[in-house]
Amino acid sequence: MRYLIKNGNIIDPARRIATVGNILIEDGKVSQLFDLADLNMTAEPTGEVEVINARGSIVAPGFIDLHTYLGEPGEEHRETIESATQAAARGGFTTLCAMPATQPAIDSAGTARYVREIARQRGAVRVDLIGAITQGRSGERLTEMAELAEAGCVAFSDAGHTVSDPAVMRNALSYAAMLNLPVMAHCEDTRLTKGWAMHEGTISTRLGLQGYPSSAEEVMIARDIALAELTGAHIHICHVSTAGGVALIRNAKERGIRVTAEVTPYHLTLSDRWVLGSLAQSTPPTGPAPAPEGKKRKRAKKSEPGLGLPSWFDPTLLPPYDSSTRVNPPLRSEEDVEALLEGLRDGTIDAIATNHMPQSMVEKDVEYRLAAPGISSLETALGLMLSLVHRAEIDLVDMVAKLTEGPASVLDRTPATLRPGAVADIVIFDTDQTWMVDPKDFASKGRNTPLAGQQLKGQVMMTMVGGEIAFRRGNFGVGTGMLRQASKLEGILDDADKD
Amino acid sequence: MPAKNTTTVPAPEAAPRRRHVLDLDDFSAAEIAEVLETTASMKEVLGRSIKQVPALRGKNVVNMFFEDSTRTRISFELAARSLSANVVSMSAKGSSVEKGESLMDTMRTLQALGADVIVMRHSEAGAPYFLAQHFHGSILNAGDGRHAHPTQGLLDLFTIQERFGRIEGLKVVIVGDILHSRVARSDLWGLTKMGAQVTLCAPPTLLGPTAFWLATWPDVTITSNLDEAIAGADVVMTLRLQKERQQAGLLPSLREYNRLFAITPERMAKAAPEAIVMHPGPMNEGVEIMPEVAVSSQSVIETQVTNGVAVRMALLYRLAGE
């Protein structure tokens, strides 16, 4: 099938392009890209082609998620490869990196091949595999990493488990360096987090919940950076959540150590106040005092009436102790959120990763601390990230880069791009489409999200994988004959519409 | 045709009835004062030879205790019976919970059996909030994890008010394992709302960073020096030290804890002349409190126990009384 995506706002961070134009897709690849600012654009395609009108929407390379939990094999009641990849397509992701936290773990070439095969048959999007660092993710004996790599694993991680023994971690890093693949570290010193329920701070103290101190993450990040320096390996820090963690990574990068990092959309937008739920109404924010004039970048006010900007989301829609807010690492303080944003802006953090962790009601409808951690986050990732764009916290092109180019660079890949000849993995999203999060509408089996009932602004309209439509919202893009006001640029667009 | 000059007078709006008692954070000072007033009349009932009124006749009160506490359970049972409610008590030991039934399941069963009020004790902070989302009746928190113990907080306030005739302006020292104490948290809400000056005194390992406390209760004073804290205090409230804290490495030894943080006669001598000593019980005499202090004329520990029944009656009445 051939498709012509017309008049979209094309953003291709890998080529530093942001323009209005048309994209022709043939044989699963980007065949041509017409920049409408360029007047020499007579080469309209002829023959049978489906025209998709993307006027007003952003057209970008498909998003890559470095950190997804599939649930299959072994925990199909939480998620299946089919449901996870459909959720991914709805979220604009065309590639998922599946964490090996399955039953059994992806710790042998056999399991890896099995999962790849299911994903090939039933996956709506591409699935890449991350192999376990240690057998059974137990932190003791290394897996056959070379065989895992031969079976298609693109990185190694014990996914949700820390390799506690530093000697084992050192060996894992050395070995992975031989294969030139990254080790993705879940950084948590579990001796400091025993019995944890939430982030340790003001709110855990008030609520009487056992805390997960920031330092439990930071000591492990520091250790893993030191071991990466020792071995020359590539360490990737998963879901960094603390200000101290960002500082350690920034410092390591300055020293030239091969370290990359990811952050989740929810750690960038939600804080531990969410555990207070409706009690947050009566509690003043705990964030830092505003910086003196001129010192900080200007940003949109939190809720400017009339602009239709999404305000900060409203934690008071939840009851106190709502287990949908329980996640590992926990939602951190507002100071941490600020530091994560700063890390994203200055390049310390390379990629956005969803840490999509579907859980069933059985795991969540229990006492707070006993609830399984995790947020089902593939389908809300873009909306959360765009809330940062709408509030002028980050730039739209940068956001797309952190969802495409950034994760690709972590995996040492050719960056996802819309260059002619590239595989047509494409997302089309509307930055202004407002919608209410209703977990019942999720494609994911995991309905566990603290965002139920919140308004998000920005929605995926279409996702294309290898030149085929994996998800399309309603009749998006059908019909091109709308009347439009003329302007200089519009005149050019209308000319292009005549065929 | 309606007659002229008739105006409809709306019925006076009754104050919305409180549905649950989960913590004291959502009580205003006025509501606390009201509860203390009701408590006084309930205490009068307890002083009669027939200690029963029909206020809750026909209501079903279920004591759902997922954590052992014979004293608190008996106190709640007596309170409900004194109001003529039907009372059943269940404890997690040997119950469906041990068979792996979820809290939600247990609650649904109790609801189907006709429970009007669930009095709940649970080792997990926030568990009563979870039930309150789903239960059609009222939840009365009898202590959840290290979070809240609102009836203990109110009985402490009642005991102080009974003794001094006021709470405002009194200097109150809470000493001991603040970090793990639900009593301390509920007392903090209650005492600060009623205008007491509160000092928290604990070793840093049983407190955590002071900024975490000051963010919620900005007017309290925090120290690890008991001798300074106790000087001139009107109320000295000590908390039970669980001996497991030493195993967990939070204390070098009970001996050292006793030396630094126990309430001794010598220390009480530094407090205000009319000062009282309080303890939520059960006591580790010789650890956090010396036996001679516990039985001294300054001790109101037994009065606290009596007042506990009256406070629980007052709250049950507010939740389920006609």
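Me: Is Lys445(A) buried, partly exposed or exposed?

Reply: Lys445(A) is partly exposed, because its relative accessible area is 39%, and the cut-offs are under 20% for buried, over 50% for exposed and partly exposed in between, using a 1.4 Å probe and protein chains only. Please keep in mind that this is a predicted model, in which local features need pLDDT of at least 70 and side-chain atom pairs count only at pLDDT 80 or more, while totals for chains, interfaces and linings use all residues. Residues are numbered from 1 along each chain as its sequence is written, chains are lettered from A and ligands numbered from 1 in the order in which they are written, and side-chain values use heavy atoms, with hydrogens and water left out.

Me: OK, and where does Lys445(A) lie in chain A?

Reply: Lys445(A) is part of the loop that runs between strand S16 (426-436) and strand S17 (455-465) of chain A; helices (H or I, at least four residues) and strands (E, at least two) are DSSP runs, numbered from the N terminus.

Me: Which residues is Lys445(A) in contact with, leaving aside neighbours within four places in sequence?

Reply: Those residues are Glu76(A), His77(A), Arg78(A), Glu79(A), Thr80(A) and Ser83(A), where contact means heavy atoms within 4.5 Å. As for Glu76(A), its backbone oxygen lies 2.8 Å from a polar atom of the Lys445(A) side chain.

Me: Changing topic, how do helix H1 and helix H2 of chain A pack?

Reply: Helix H1 (residues 81-91) and helix H2 (residues 109-122) of chain A pack at an angle of about 55°, and their axes are 9 Å apart; axes are lines fitted to C-alpha atoms, for helices over the stretch in contact, and angles run from 0 to 180 degrees between N-to-C directions. H1(A) and H2(A) are therefore oblique to each other, since angles under 35 degrees count as roughly parallel, over 145 as roughly antiparallel, 65 to 115 as roughly perpendicular and the rest as oblique.

Me: Which residues meet there, in H1(A) and in H2(A)?

Reply: From H1(A) there are Ile81(A), Glu82(A) and Thr85(A), which meet Val115(A), Ile118(A), Ala119(A) and Arg122(A) of H2(A). The residues of this contact divide into four nonpolar, one polar and two charged, with Ala, Val, Leu, Ile, Met, Phe, Trp, Tyr, Cys and Pro counted as nonpolar, Asp, Glu, Lys and Arg as charged, and the others, Gly among them, as polar.

Me: What about the peptide bond from Gln103(A) to Pro104(A)?

Reply: That bond is cis, with omega near 0°, and Pro104(A) sits in the loop between strand S7 (93-98) and H2 of chain A. The bond from Asn328(A) to Pro329(A) is cis too, with omega near -5°. Most peptide bonds are trans, and most residues other than glycine have a negative phi.

Me: And what is phi of Ala159(A) near?

Reply: Phi of Ala159(A) is near 40°, a positive value in a residue other than glycine, and Ala159(A) is buried, because its relative accessible area is 3%.

Me: Last one, in chain B: which strand does Asn141(B) lie in, and is it buried or exposed?

Reply: Asn141(B) belongs to strand S4 (residues 138-144) of chain B, and Asn141(B) counts as buried because its relative accessibility is 0%. A polar atom of the Asn141(B) side chain lies 2.7 Å from the backbone nitrogen of Gly143(B).

Technical notes
A polar contact is a pair of N or O atoms within 3.5 Å; within protein, one must be able to donate a hydrogen and the other to accept it, and residues adjacent in sequence count only if both atoms are side-chain atoms.
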